[in-house]
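Here's a fold to walk through together.

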Amino acid sequence: MGADRRVMEFLGEPMSRQQSDEAVERIEAHFRTHGFGLCATELAESGEFIGFIGLAVPTFEAAFTPWVEIGWRLAAEYWNAGLATEGARETVRYAFEELGLPELVSFTTIRNERSRRVMAKLGMTHDATENFDHPKLPAGDLLRRHVLYRLTREKWVIQLHFSVPSDNESR
């Protein structure tokens with residue numbers, strides 16, 4: 001999945017097998033350190049691995065850190081099927097109900113409309129004054145400018161109890 005240029009379009013260069021293995025090691029270390037992390041995601045019907053969805057503590061400093069990020073990465077053949085939104089909704093529930101987190105953030109490059117749509121479907125809000133240059137990317141990198149979305153537990157509870165999903169969505 002990390003070697004697919006479509007998947008990596010807004011994340012950087014495609015990954016080698018070694019880089020992918022190192023990413024998995026970092027995810028596993030995050031679980032050991034924090035007790036939560038990015039989870040392998042499978043299709044319920046077949047058990048086929050389709051990507052990951054979960055929570056992470058950003059490893060850089062920015063105006064919004066330290067916070068917990070919700071993130072996802074799915075294989076391209078599973079895009080536009082509502083799977084990222086479905087998995088992310090369960091992750092939001094877990095973050096607020098099980099972990100008791102007060103707020104979640106999510107961020108991506110400005111041009112990543114697919115992820116931004118998932119963030120909006122989760123009820124996350126974007127304030128353009130919080131856009132930032134990702135500190136791990138060099139000046140001039142086309143992916144450096146990022147948007148930040150937020151969701152508080154209070155807003156999520158209100159949405160959960162008072163919003164009605166559209167025909168294309170489910171809670």
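This is a predicted model: local features need pLDDT of at least 70, side-chain atom pairs count only at pLDDT 80 or more; totals for chains, interfaces and linings use all residues.

The stretch to treat with care is residues 166-171, where pLDDT stays under 50. The model still gives that stretch ten contacts beyond four places in sequence.

Now look at helix H1, residues 17-34. Its 18 residues reach 26 Å from the first C-alpha to the last, close to the 26 Å expected at 1.5 Å a residue. After H1 comes glycine 35, with a positive phi near 80°.

Which residues of H2 are buried? They are Ala84, Thr85, Ala88, Arg89, Thr91, Val92, Ala95 and Phe96. Look down the axis of H2 and these buried residues fall within an arc of 165°, so they line one face of the helix. Over on the other side of H2, Glu86 and Glu98 are exposed. As for what covers the buried residues, the list includes strands S2 (49-56), S3 (68-74), S4 (103-109) and S7 (145-152), along with helices H3 (113-121) and H4 (153-162). H2 is followed by glycine 100, whose phi is positive, near 70°.

One of those covering strands, S4, holds glutamate 103. Is this glutamate buried or exposed? Glutamate 103 has a relative accessible area of 10%, so it counts as buried. Its side chain makes a polar contact with the side chain of arginine 150, at 3.1 Å. Beyond its neighbours within four places in sequence, glutamate 103 is in contact with Trp67, Val68, Phe96, Arg150, Leu151 and Thr152. Phe96 in that set also belongs to the buried residues of H2.

A polar atom of its side chain lies 3.2 Å from the backbone oxygen of cysteine 39. Setting aside residues up to four places away in sequence, threonine 41 touches Glu48, Phe49, Ile50, Gly51, Phe52 and Ile53. And where does glycine 87 sit relative to threonine 41? The two are 46 residues apart in sequence, yet 8.0 Å apart in space, C-alpha to C-alpha.

How values were computed: Residues are numbered from 1 along each chain as its sequence is written. Side-chain values use heavy atoms; hydrogens and water are left out. pLDDT is the predictor's confidence in each residue, from 0 to 100. Contact means heavy atoms within 4.5 Å. Helices (H or I, at least four residues) and strands (E, at least two) are DSSP runs, numbered from the N terminus. The expected span of a helix is 1.5 Å times one less than its number of residues. Buried means under 20% relative accessible area, exposed over 50%, partly exposed in between (1.4 Å probe, protein chains only). The arc is that of the directions from the helix axis to the C-beta atoms. A polar contact is a pair of N or O atoms within 3.5 Å; within protein, one must be able to donate a hydrogen and the other to accept it, and residues adjacent in sequence count only if both atoms are side-chain atoms.
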